[in-house]
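Work through the exercises below with the sequence and the model side by side, and try each task before reading its solution.

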Amino acid sequence: MKHLPKHLRPRWRYLAVGIETWPDTEVGRRAFQRALWYSAGNLLGDAGSADADLTLLSFAHADGTGEAVVRVRHGHVDEARAAVACVSEVDGEPVGIRVRGISGTVRACEERYMGRATANSTQRGVAFEGSERPAVVRGDACDVETESDRVGATTFDTE
């Protein structure tokens, strides 16, 4: 089966959602997804919730706090935010939910709103093979530019 051309594929937006519960409350992924669908169905109706297509992509919850990434169709972000805001309980347990932000990619959503940024890197000169060379430094790892290519090194190698 052929893939759809890019201009015919559905476009998505990703909602970063913060979850708060009582510390002893257990909230599961399936239960949270079910609560999202139920909320969207009640607020938007069957056709509206099918158009919005809220899908839980990632979910983590422990010790009363959690976070999730919810995928929604591009033109239905406002409806999805309203449906997420209407979730007041999961499996009979009260929950507080807040949309932290909206993004166009999962990676940007996680980096901007969920604190899962990639490691900080800096560009600087390092001493490698007896001469000063430009390198990108991330923690203990260095990517050193040589005449022909890049070389992976550690800080021990560059001293």
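**Exercise 1.** Determine how closely the axes of helix 1 and helix 2 approach, at what angle they cross, and which residues meet.

*Solution.* In this predicted model, where local features need pLDDT of at least 70, side-chain atom pairs count only at pLDDT 80 or more, and totals for chains, interfaces and linings use all residues, the two axes (lines fitted to C-alpha atoms over the stretch in contact, with angles from 0 to 180 degrees between N-to-C directions) come within 8 Å and cross at roughly 115°. Next, look for contacts, meaning heavy atoms within 4.5 Å: L36, S39, A40, L43 and L44 of helix 1 meet E79, A82, A83 and V84 of helix 2. Sorted by type, the residues of this contact are seven nonpolar, one polar and one charged. Residues are numbered from 1 along each chain as its sequence is written, and side-chain values use heavy atoms, with hydrogens and water left out.

**Exercise 2.** Compare the end-to-end distance of helix 1 with that of a straight helix, and locate its kink.

*Solution.* Begin with the 24 residues of helix 1 (29-52), for which a straight helix would reach 34 Å at 1.5 Å a residue, whereas the end C-alpha atoms are only 19 Å apart. Then follow the chain to L44, where a kink of about 120° is centred. Just after the helix, D53 takes a positive phi of about 55°.

**Exercise 3.** Is C86 buried, partly exposed or exposed, and what does C86 touch?

*Solution.* First find C86 in the loop between helix 2 and strand 4. Its relative accessible area is 44%, so C86 is partly exposed (buried means under 20%, exposed over 50%, partly exposed in between, with a 1.4 Å probe and protein chains only). Leaving aside neighbours within four places in sequence, C86 is in contact with S39 and L43.

Methods. Helices (H or I, at least four residues) and strands (E, at least two) are DSSP runs, numbered from the N terminus. The expected span of a helix is 1.5 Å times one less than its number of residues. The bend at a residue is the angle between axes fitted to the seven residues ending there and the seven starting there. Ala, Val, Leu, Ile, Met, Phe, Trp, Tyr, Cys and Pro count as nonpolar, Asp, Glu, Lys and Arg as charged, and the others, Gly among them, as polar.
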